[in-house]
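Morning, everyone. Let me put the structure up, and then we'll go through it together.

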Amino acid sequence: TVFLDGHLSHFVDCDIIIVLRCDPHILYKRLKDRGYDEKKILENVQAEVLDVILSESMESGAKVFEIDCSNMTPTQVADRIERIVILGETNDSSPGNVDWSGEMEEWF
């Protein structure tokens with residue numbers, strides 16, 4: 001089993017894609033704390049609100065799952081990924097369970 005991590009990894013031929021999602025407000029703060037410039041932060045937050053990576057992943061032909069990581073620790077995220085990949089526990093990770101569309105007016 002090989003895991004790829006990155007904003008373009010969904011373009012690689014694979015069996016499963018797990019899209020990690022984050023509340024736009026939390027994402028904004030995290031990127032600001034990392035020192036990203038305002039333009040880059042807004043670009044990332046808008047992509048999150050618009051489900052860009054999820055939408056592109058759905059076009060891949062792979063099985064796609066998503067996890068709302070907004071309030072999870074890295075260990076919790078890793079455990080959830082393991083439950084999906086190893087144990088096949090996917091019932092609460094179907095694409096479309098995470099929806100930030102209500103944030104549209106604030107970020108555009």
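Let's begin with a question: which residues does Glu48 touch, leaving out those up to four places away in sequence? There are four names to find on the screen: Arg21, Cys22, Leu27 and Trp100. Keep in mind that this is a predicted model.

Now, where does Glu48 sit? It is in helix α2, which covers residues 38-49. Is Glu48 buried or exposed? The cut-off for buried is under 20% relative accessible area. Glu48 has 12%, so it counts as buried.

Two of those neighbours deserve a look at the side-chain level. The side chains of Glu48 and Arg21 make a polar contact of 2.6 Å. The side chains of Glu48 and Trp100 make one too, at 2.8 Å. Then there is Leu27. Leu27 and Glu48 are 21 residues apart along the chain. Their C-alpha atoms are separated by 8.7 Å.

Next, Arg21. This residue lies in strand β1, residues 16-21. Its relative accessible area is 2%, so Arg21 is buried.

Let's zoom out to the whole chain. How many helices and strands does the protein chain have? Five helices and two strands. From the N terminus, the order is β-α-α-α-β-α-α.

On overall dimensions, the C-alpha trace spans about 40 × 30 × 25 Å along its principal axes. For 108 residues, a compact globule would have a radius of gyration near 13 Å; this chain has 14 Å, which agrees. Of the 108 residues, 31% count as buried.

What about contacts across the sequence? Take the contacts with a separation of 6 or more: 76% of them are between residues 24 or more positions apart.

Last, surface and charge. The accessible surface comes to about 7,200 Å², and carbon and sulfur atoms hold 51% of it. The chain carries 10 positive and 22 negative charges. Their mean positions are 5 Å apart.

How values were computed:
Residues are numbered from 1 along each chain as its sequence is written. This is a predicted model: local features need pLDDT of at least 70, side-chain atom pairs count only at pLDDT 80 or more; totals for chains, interfaces and linings use all residues. Side-chain values use heavy atoms; hydrogens and water are left out. Helices (H or I, at least four residues) and strands (E, at least two) are DSSP runs, numbered from the N terminus. Buried means under 20% relative accessible area, exposed over 50%, partly exposed in between (1.4 Å probe, protein chains only). The radius of gyration is taken over C-alpha atoms; the globule rule is 2.2 Å times the number of residues to the power 0.38. Contact means heavy atoms within 4.5 Å. Accessible areas come from the Shrake-Rupley method with a 1.4 Å probe; for residues, only the protein chains shown count as cover. Lys and Arg count as positive and Asp and Glu as negative; His and the chain ends are not counted. The place of a charge is taken as NZ of Lys, CZ of Arg, CG of Asp or CD of Glu. A polar contact is a pair of N or O atoms within 3.5 Å; within protein, one must be able to donate a hydrogen and the other to accept it, and residues adjacent in sequence count only if both atoms are side-chain atoms.
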